[in-house]
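Thanks, I'll keep this short. Please have the structure open, and I'll go through two parts of it in turn.

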Amino acid sequence: MNISLRNDPLLQPYQLKHLTLKNRVMSTSHEPAYSEDGMPKERYRLYHAEKAKGGMALTMTAGSALVARDSPAAFGNLQAYRDEIVPWLRELADASHEYDCKVMIQLTHLGRRTGWNRADWLPVLAASPVREPAHRSFPKEAEDWDIERIVADYASAAERMQAAGLDGIEFEAYGHLMDGFWSPATNRREDEYGGSLDNRLRFSFRVLDAVRAAVGPDFIVGIRMVADEDLEQGIGKEEGVEIAKRLAGSGKVDFLNIIRGTIETDAALTKVIPITGMRSAPHLDFAGEVRAATKFPVFHAARISDVATARHAIATGKLDMVGLTRPHIADPYIIAKVMAGEEHRIRPCVGATYCLDRIYEGGEALCIHNAATGREATIPHVISRSDGPLKKVVVVGAGAAGLEAARVAAERGHSVTVLEAAPQAGGQVRLAAQNPRRKELIGIVDWRLSELERLGVEMRYDVWAETDDVISLGPEVVVIATGGLPQNPPLEAGGDLVTSSWDIISGAVKPAENVLLYDDNGGHQGMTAAELIANAGAKLELVSPERFFAPEMGGMNHVPYMRAFHEKGVRITINTRLKSVRRDGNQLVATLGSDFASGWSEERRVDQVVAEHGTLPLDELYFALKPLSKNGGAVDYERLVEGGEIFPTIRSEAAFTLFRIGDAVAARNIHAAVYDGIRFGLRL
Ligand SMILES: Cc1cc2nc3c(=O)[nH]c(=O)nc-3n(C[C@H](O)[C@H](O)[C@H](O)COP(=O)(O)O)c2cc1C
Ligand code: SF4
């Protein structure tokens with residue numbers, strides 16, 4: 001089909017009861033953990049307002065806003081059980097309504113999906129005392145007085161949301177209290193809330209009745225529900241569709257937001273929210289089947305990562321509203337770009353799931369390659385031209401940090417030249433994308449390269465820049481983004497016998513037959529090397545000095561690595577340090593030691609020892625340029641964070657300001673590199 005703005009299925013309005021949604025694109029509920037004291041304050045508001053500005057029709061705020069006190073926050077959830085939330089949500093709704101973006105909120109009682117030792121230390125409860133592995137609580141069985149209390153809590157939370165001027169609410173019914181009653185896997189009750197489907201749905205219908213009595217028939221109420229747990233003993237497809245039909249036919253809900261799968265382990269969760277390397281839109285057809293069976297408004301999100309797939313979902317009638325949730329974390333301006341005929345300029349969501357993994361580790365959701373998301377108060381998504389003097393900027397290094405600095409400086413209007421030693425841009429991101437499963441990461445590089453082309457940035461490859469090369473370009477600003485090179489872990493002996501993880505990932509060294517991989521860095525680098533070695537058919541032992549291996553990587557990213565390790569029989573040894581390596585004939589002997597028991601030692605005889613210990617900055621050029629620069633390389637960190645001129649003048653006669661970013665300073669990660677790139681770039 002020849003798509004124009006007029007006939008683009010994604011841009012057609014959708015009528016949901018009295019509510020006109022201006023197009024078919026929404027952000028489904030997700031908790032970015034930006035709440036402060038359980039409230040959606042400025043950071044939360046600005047985050048949603050930016051998406052509204054970017055053109056989406058509906059933003060479903062919160063992730064699992066809490067209806068009751070005995071549902072303590074698992075990841076910074078909003079406290080919808082407190083009256084104080086009303087004015088904060090009103091401000092948020094007003095800010096989004098300004099751009100005709102409708103605002104709803106997800107309400108829930110987390111049930112067993114939270115910790116027992118949080119907030120007020122009230123007992124965690126569920127339909128039956130079945131433990132949830134991910135949060136490790138042993139819930140008590142909800143008693144009659146609990147049920148009465150929580151039904152009333154749902155109703156008063158719904159009333160608060162209505163009072164805040166929201167356009168509607170949805171209940172969360174997958175992995176939480178509500179569907180815990182539905183599922184035979186988690187409901188073992190013998191009273192009127194257990195057994196038959198009528199009984200298992202009783203709690204939900206009691207909630208719906210109480211909510212309707214509180215908010216009236218017009219307020220929009222939906223449900224984000226599991227319609228197939230894909231689990232032995234769980235709710236099967238047939239029963240799930242029956243639940244959907246009963247809810248749709250009840251006259252008490254206005255839309256269904258469809259989920260397939262369970263979330264009680266990290267491995268299960270990645271099937272519901274697939275990460276990079278997993279299938280695109282795996283549950284879209286199923287959501288379409290539910291829509292066909294119920295003839296009811298259906299919403300859905302699950303790795304519908306690009307506009308073409310989203311368009312297909314609407315055009316083929318599988319969905320009424322399509323959720324592009326992580327895609328909007330990566331780029332809140334998706335619809336604005338579609339409407340401007342600039343679809344190709346959308347910053348791609350590469351599925352890295354750094355965003356989600358961070359919230360489970362107690363952090364806030366940050367996008368691996370958009371440092372403005374969640375930092376709207378200080379970092380703009382749309383970069384304006386500098387009104388100061390335009391400068392000649394030379395960026396040395398075209399990895400994530402250098403490309404981002406170049407992009408931002410060029411958006412500011414400066415004239416930018418990038419010098420890169422390799423024949424291609426991308427640095428460590430390109431290396432990471434060598435893992436076929438993570439090849440989408442190259443989108444981080446490709447998106448920037450196409451932006452740089454649009455902005456007229458000059459790229460020079462195969463240039464190992466020395467002082468004179470830089471000076472001869474006559475720069476007023478020099479950005480050192482030269483990255484780093486792998487370093488060995490501290491060893492008593494045998495450092496020269498060790499192969500780096502980079503050599504394995506790049507393919508420069510082939511995995512041997514019998515390999516020991518030592519990783520004391522704890523991120524993707526060691527895991528990627530291990531995955532490639534295991535997939536090459538080698539016998540592999542992975543050794544880590546940590547209590548858990550790869551602690552720098554979140555639980556969702558852990559899943560595919562662990563799958564490969566189990567499938568390929570990788571032996572995993574934790575709490576153990578590599579002490580030394582020696583040659584013995586044509587083999588290597590690795591000596592292992594313990595931080596805990598100084599006398600403990602073991603040896604491993606292998607063909608290859610691979611090590612991952614981060615990088616050492618490639619900083620020669622920086623130190624050579626430092627004495628020639630205006631600021632001596634210095635940066636005022638206080639002002640970098642708080643505002644003001646960040647480069648002190650040490651030599652006023654010097655021609656250029658110098659600073660370094662990314663791993664050229666110290667080994668970190670892609671987000672840190674991109675954040676450096678933009679926050680320094682904005683100050684030029
Ligand atoms: C940081 C983050 C937090 C999330 N929290 C919730 C939540 O609280 N409730 C919910 O129903 N879904 C939550 N989700 C899932 C999203 O709503 C969505 O289903 C998921 O990201 C898949 O859609 P996508 O591929 O378009 O991102 C969360 C997702 C992210 C990225
Ligand atoms: S971190 Fe990755 S998955 Fe999350 S929004 Fe950014 S690109 Fe998408």
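I'll start with a helix contact: Lys-237, Val-241, Ala-244, Lys-245 and Ala-248 in α6 meet Phe-286, Glu-289, Val-290, Ala-293 and Thr-294 in α8. By type, the residues of this contact between α6 and α8 are 6 nonpolar, 1 polar and 3 charged. Keep in mind that this is a predicted model.

How do the two helix axes lie? Helix α6 covers residues 237-249 and helix α8 residues 284-294; their axes come within 10 Å and cross at roughly 50°. The two helices are therefore oblique to each other. As for the hand, α6 and α8 make a right-handed crossing.

Now to the sheet. It is open, has 5 strands with parallel pairing, and its order is β15-β14-β13-β16-β27. Which strands stand at the edges? They are β15, residues 458-460, and β27, residues 657-660. Each has a single partner strand, so one side of each is left without a neighbour in the sheet. On average, neighbouring strands here are turned by 15° against each other, direction ignored.

Strand β13, residues 392-396, and strand β14, residues 415-419, pair in the parallel sense over 5 bridges. To locate one of the partners on your screen, go to Val-394: its bridge partner in β14 is Thr-417.

Last, what lies across these strands?

Notes: Residues are numbered from 1 along each chain as its sequence is written. Chains are lettered from A and ligands numbered from 1 in the order in which they are written. This is a predicted model: local features need pLDDT of at least 70, side-chain atom pairs count only at pLDDT 80 or more; totals for chains, interfaces and linings use all residues. Side-chain values use heavy atoms; hydrogens and water are left out. Two strands pair if DSSP finds at least two bridges between them. Helices (H or I, at least four residues) and strands (E, at least two) are DSSP runs, numbered from the N terminus. Axes are lines fitted to C-alpha atoms, for helices over the stretch in contact, and angles run from 0 to 180 degrees between N-to-C directions. Angles under 35 degrees count as roughly parallel, over 145 as roughly antiparallel, 65 to 115 as roughly perpendicular and the rest as oblique. A crossing is left-handed if the near helix is turned anticlockwise from the far one by less than a right angle, and right-handed if clockwise. Contact means heavy atoms within 4.5 Å. Ala, Val, Leu, Ile, Met, Phe, Trp, Tyr, Cys and Pro count as nonpolar, Asp, Glu, Lys and Arg as charged, and the others, Gly among them, as polar.
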